[in-house]
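Biologist: I have not seen this one before. Can you walk me through it, starting with how a pair of helices gets described?

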Amino acid sequence: MAEIERQIRTGGCIQRARIVLSCRQNVWDAIGSALDSFDTYRTLEFSYPEQVEMFIDKWFLTLANPQFGTPPNPPLVRGGTREDGETIDRLGTPPNPPLVRGGTREDGEQIREDETLAPPLARGAGGVLSQQLPEAGETLAPPLARGAGGVLSQQLREALAASGKERIRDLVKNPLRCSLLCGTWQSLDGDLPDTKAKLYQRFVTTLYQWKKPHLNWIQQQDLNAGLGKLALAGMLNETSRFQLRESVGYRVMGASQFELACRLGWVNLVARDAETLEGIYAFYHPTFQEYFAALAVEDWHFFLNPIPENPQHPDARYRIFEKQWKEVILLWLGREEVGKEEKEGFIKALVKFKDGCGEFYGYRAYFLAAAGIAEFKDCSLADEIVSQVIKWGFAYFNEEKQKARTFLEPIAEGSREILKETDRERAISTLVELINTSQNGYTWWHAAKSLGIIGQNNTVAIAALVEFISSCENKLIRRQAAKSLGIISPNNPVAIQFIATSGEVVTAEFLENLDDKSLKNLLVASAIFADLKATIQDELISLLETDCLAKIVDKNNPLALGALVELIRTSQDKSIRWIAAQSLCKIGKDNPVAISALVDLIRNSGDEDTRRLAAESLGHINQDNPVAISALVDLINISQDESTRRIAAYSLGVIDQNNPVAIASLVELINTSQNEDTRRIAAESLGKIDKDNPVAIAFLVELIRNSGDEDTRRQAAYSLGEIGKDNPVALSALVELIGTSQDNNNRRQGAESLKKICQDNRVAIVALSGLKDCLTSEIYENDSNRYTICYQVIWDCAQNMTYPEFYRAWHTQPTNSPIPDNHRQNTDIPTLLKQLQPTDKTWVVPLNIRALEGETDTSPIAQELCTQLYQAIFPADTDIPAIRNAPEFKRLIPQLKNRLQKQHIALILHSCPCEDALSSFTRKLADTHMGIHIAWITDTPLEWPLTGFPVDGDDLLNAVGNWIAGIGS
């Protein structure tokens, strides 16, 4: 794959080819990063019962009648590792793609082991076929009569639908597990296990029956033990848990066992080390590695061995708080051969865990116990655990004070979330009882909502919601109950009647679950659709509100796109123009016709509202288009309307990344505009397209600290949350805002922004240290809002920190402000130099050239510097010139200056010793007459025309800044 990627980058005929690659999850784990220029797709989980049952029917129908083809494939989602968090687009199912195993973890880790990952797809690889893919929700599979799979299919569907099999129903939504279940169904003797561990035990047993050479039971157990040791060794490797070196396999398992495991397919060669060519292996699927690892854990102290007085002791173990071990823990609890007393001891230890720092980790341990009883159903504490979780999540009646008591929202939300993972029958039964006995509206509303999440096809939950809808007098709560009923029992007439007659807005999720008959009944009965007018305006509004316009208009139809643009241009009705713009955003994404039309409106329309609307639309439908970027920059510079300039600045932040012209334009806008809102939005956009831009962050911090307008401070806090990830200056300002502001909305916004930027442990520790003193009973009594907000921030910190780190931070006195001091020793030169800004004449490019340390050959020195320069100033460029020496490099300088619209380029080289070969090359390259200036951050004496700055020099940033300011003067 690396070779394919290289050939695509270097050009030639392969660059024009449409390439579609598919691979299994373990291969993707090993080499997926080699294909970073490909678009990636992953398969979604099946819905239950519709898609799961269709898969089962077709599986068994295919076995009996091969002419019917392969079982249906899950729909695809486009996406993968987008850093900007953009919502991935839903795509229909392409015709007959291979079923590929793997995916991304729900807990935020890089890879989720039990979802499926579809093949990476080269940009533009779809061609004509991609334009013919069905819309979301469509399927290319032929209609299949329910039960067409015969007796085996019917037996399996009935077994899945049985009470107590909720856990298995959730598991087989995954296509791989659904395939394995169908393949092993005959060997299950008509019975389904009720836990994931037992299901995988069956899978393993059956796979041994399929594989050759056939092993007897003792041989299987011996191999399982060896696989367990290997799996555990991999899990203990924090950097590459699912990639196992060949040497590790031989060392842990021994030659005969490791080679046998390879022959049976339990572990597979997926890659080779680029330098040593050593084989890299992976388990058949990551979940099998987790299962075998669970088999190798002898007792629960492997997961939790607390030393309360010193959590950082080498013998202390707190793996219960590490996300990568959760599945192993649950599988261990489901093992039949582990004694009940051993499991009981573990659950009790989780329930009684005291963290010594606010019980943030005590709740996490309790929630893990709640998830654990789904695998360990006969736990003596199961009922008590479910009751306690529901008490936390749904309030309870305080007999002493004679009123309902609710818990802090992080605790309540965490409790409601864990209900999805705990023993489903117990949870539903307790919720139904709560609905029947409580008199509290908060409790009713959340209980009804939770039943809609965990009560799919559960007769007890359905009956309770039907009864509740008929008896509850609160319309809002009845509405939530009806929505939940519509989700867990899609064609329930009670839910349909309520929504149809109450004037409720029909959600897409509700409509997608309806069959044709129920949908027709809803449309006929509903007052929502009764008053549609015959006018074009009302039809457009209705189509937009029901999200139908994007479905019925061909995305590549120039007439349709032109009509929408014409509406924006000519309509006198603002609502119609807004609707047309919104529709264009939905159907015109990256369409050159739409982009060209919007650019034309920006440049030629005499109406400011039209230009503003065109600028906003352009931000939604296009990325990295130089014509669009140029039009927005021009609009910022020439418009006299601050609203227009704000929208243009915002759109520039959406569609552009690292474009030097755009960056310079936004910096200029911040420095020259007299409007605070315009400057704030420009700063936010600047932070989006130029991460950690010091001008943007410094301006937003200044607004937070010094603005006299609370709304402005709140908006600045929001913008800082969008661009200040892991930035200590941003963190300090937000902690200060939460701790000192008297405005509740500002404190709440500060907390929301902190949650976004506190992903790095070091930053989270600073936030924790600065806010933990707000969690006192006095503050709770006198300023409960501040207490609640600080609690939420610290709760979020606890999700990203190890327990020992959190414990140490909790018991450490707050440090001084985390704002970096540029006058102290320059320990982080790359971050420091990012604060340098271009001048009117000079473009500044700091380059980390550590890769050139020890290099003596001129050709690789020249190419590395050239490559880094292009990547720094034109990151979207893939066609980087090939050069061999300084004269060839200097020939590029005029072209670069022209593109940057600057007279000079200043290179600042750092993080590498200035050795003879590098010093000689950069002396030849530096040329003040050509406008190429080079400075080194080094203690090595330099000769003219090079300039040097000591690594630990006083006020390094100002010294380099003064040098830049003097260029061209």
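Predicted model: local features only at pLDDT ≥ 70, side-chain atom pairs only at ≥ 80, totals over all residues.

Biologist: Fine. At what angle do α20 and α21 cross?

Modeller: The axes of α20 (residues 459–471) and α21 (residues 475–488) cross at roughly 150 degrees and come within 9 Å. The two helices are therefore roughly antiparallel to each other.

Biologist: Which hand does the crossing of α20 and α21 have, left or right?

Modeller: α20 passes α21 in a left-handed crossing. On the α20 side the contact is made by A461, I462, L465, V466, F468 and I469. The α21 side supplies I477, R478, A481, A482, S484, L485 and I488.

Biologist: How do the residues of that contact divide into nonpolar, polar and charged?

Modeller: Between α20 and α21 there are 11 nonpolar residues, 1 polar and 1 charged.

Biologist: Let's step back. How many helices and strands does the protein chain have?

Modeller: The secondary structure comes to 48 helices and 14 strands. The chain has 969 residues, and 50% of them count as buried. Of the contacts between residues at least 6 apart in sequence, 65% join residues at least 24 apart.

Biologist: Now the sheets. What is the strand order in the open sheet of 4 strands?

Modeller: The order is β11-β12-β13-β14, with parallel pairing. β11 (842–848) and β14 (947–949) are the edge strands, each pairing on one side only. From one strand to the next, the twist averages 25 degrees.

Biologist: Which helices pack on that sheet?

Modeller: Helix α46 (residues 893–900) packs on the sheet and touches β11, β12 and β13, with its direction at about 105 degrees to that of β12. Helix α47 (residues 916–925) also packs there, touching β12 and β13, and its direction makes about 155 degrees with that of β13.

Biologist: How many bridges does β12 make with β11 and with β13?

Modeller: β11 and β12 pair in the parallel sense over 7 bridges, and L847 stands opposite L909 in β12. On the β13 side, 5 bridges join β12 (residues 904–910) to β13 (residues 932–937). There, I905 has I932 as its bridge partner, and A906 has H933.

Biologist: Is β12 buried or exposed?

Modeller: Buried: 7 of its 7 residues are, so β12 is largely enclosed by the rest of the structure.

Biologist: Which way do the β12 side chains point?

Modeller: In a regular strand the side chains alternate between the two faces of the sheet. In β12, H904, A906, I908 and H910 point one way, and I905, L907 and L909 point the other way. Both sets are buried.

Biologist: Different topic. How do β5 and β6 pair?

Modeller: They pair in the antiparallel sense over 5 bridges, β5 being residues 267–272 and β6 residues 279–283. R272 stands opposite G279 in β6. Their hairpin has 6 residues between the strands, and L277 takes a positive phi near 65 degrees.

Biologist: Last one. Where does Y650 lie, and what does it touch?

Modeller: Y650 lies in helix α32 (residues 642–655). Leaving out residues up to four places away in sequence, Y650 touches I681, S685 and K688.

Biologist: Why is Y650 called partly exposed?

Modeller: Because its relative accessible area is 38%, and partly exposed covers the range between under 20% for buried and over 50% for exposed.

Technical notes:
Residues numbered from 1 in each chain as written. Heavy atoms only, no water. Axes fitted to C-alpha atoms, helices over the stretch in contact; angles between N-to-C directions. Parallel < 35°, antiparallel > 145°, perpendicular 65-115°, else oblique. Left-handed = near helix turned anticlockwise from the far one by under 90°. Contact = heavy atoms within 4.5 Å. Nonpolar A, V, L, I, M, F, W, Y, C, P; charged D, E, K, R; others polar. Pairing = 2+ DSSP bridges. Buried < 20%, exposed > 50% of the residue type's maximum accessible area, 1.4 Å probe, protein only.
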